[in-house]
Amino acid sequence: MYIDLLGEPFASKDTRLSIARKVQKQLLAEAQASWPHEYSALLYGRGASICGHLAMPASGHDRHSFSWDGPPFLQALKQIRHSRMQWLGVLHSHPHTPPTPSSHDAAGWHYPSLSYWILGMQTPATPLWRVYQWVDGGFAVRSYTVSDDSE
Ligand SMILES: [Zn+2]
């Protein structure tokens with residue numbers, strides 16, 4: 001069966017977006033290791049369930065803007081396709097600001113079907129997780145669950 005690479009994690013009314021606990025833990029550990037610089041990753045899985053991530057190298061020199069170079073990005077998508085998973089979202093950290101999308105974030109987001117995660121690390125001991133969906137020209141906060149599924 002052919003599966004679209006580009007997922008639609010918000011498409012089902014019955015299935016809430018979820019992220020595996022181990023993925024959330026790894027994302028946090030990697031974001032903390034990158035602090036005070038920004039960290040970003042692609043999130044993948046199936047349907048509305050995120051079960052893995054690929055850390056992305058930071059691009060350019062502006063640590064306050066979230067952008068990726070073409071080759072590593074395409075390489076990551078290829079890897080997701082090869083593992084027969086779907087690209088379900090992106091995550092980046094805000095090392096010094098609240099987990100609210102910046103105007104740069106809004107201008108740079110081109111995949112409205114995906115989930116857009118921001119990890120606020122102003123106080124690294126109590127990180128703030130937010131997930132957004134792009135709706136009608138703006139980011140709307142969405143809820144999610146953390147799953148303990150082991151694979
Ligand atoms: Zn941002």
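## Exercises on a predicted model

Across the protein chain the mean pLDDT is 90, and 90% of the residues reach 70 or more. A word of caution: where pLDDT is low, the predicted coordinates should not be read in detail.

**Exercise 1.** Check the length of helix H1 (residues 21-34) against what you'd expect at 1.5 Å a residue.

*Solution.* Start with the count: H1 has 14 residues. At 1.5 Å a residue, they should span 20 Å. Now look at the end C-alpha atoms of H1: they sit 20 Å apart, which agrees.

**Exercise 2.** Work out how the buried residues of H1 are arranged around its axis, and what they pack against.

*Solution.* First, list the buried residues of H1: Val23, Gln24, Leu27 and Ala31. Next, look down the axis of H1: these buried residues fall within an arc of 100°, so they line one face of the helix. Finally, the packing partners of the buried residues include strand E1 (18-20), strand E3 (49-56) and strand E5 (115-120).

**Exercise 3.** Is Cys51 buried, exposed or partly exposed?

*Solution.* Find Cys51 in strand E3. Count its C-beta neighbours inside 10 Å: there are 18, so Cys51 counts as partly exposed. As for Ser18, Cys51 lies 33 residues from it in sequence, but 8.6 Å from it in space, C-alpha to C-alpha.

How values were computed
Residues numbered from 1 in each chain as written. Predicted model: local features only at pLDDT ≥ 70, side-chain atom pairs only at ≥ 80, totals over all residues. Helix = DSSP H or I, 4+ residues; strand = E, 2+ residues; numbered from the N terminus. Expected span 1.5 Å × (residues − 1). Buried ≥ 20, exposed ≤ 12 C-beta atoms within 10 Å, placed from the backbone. Arc of directions from axis to C-beta. Contact = placed C-beta atoms within 7 Å. pLDDT = per-residue confidence, 0-100.
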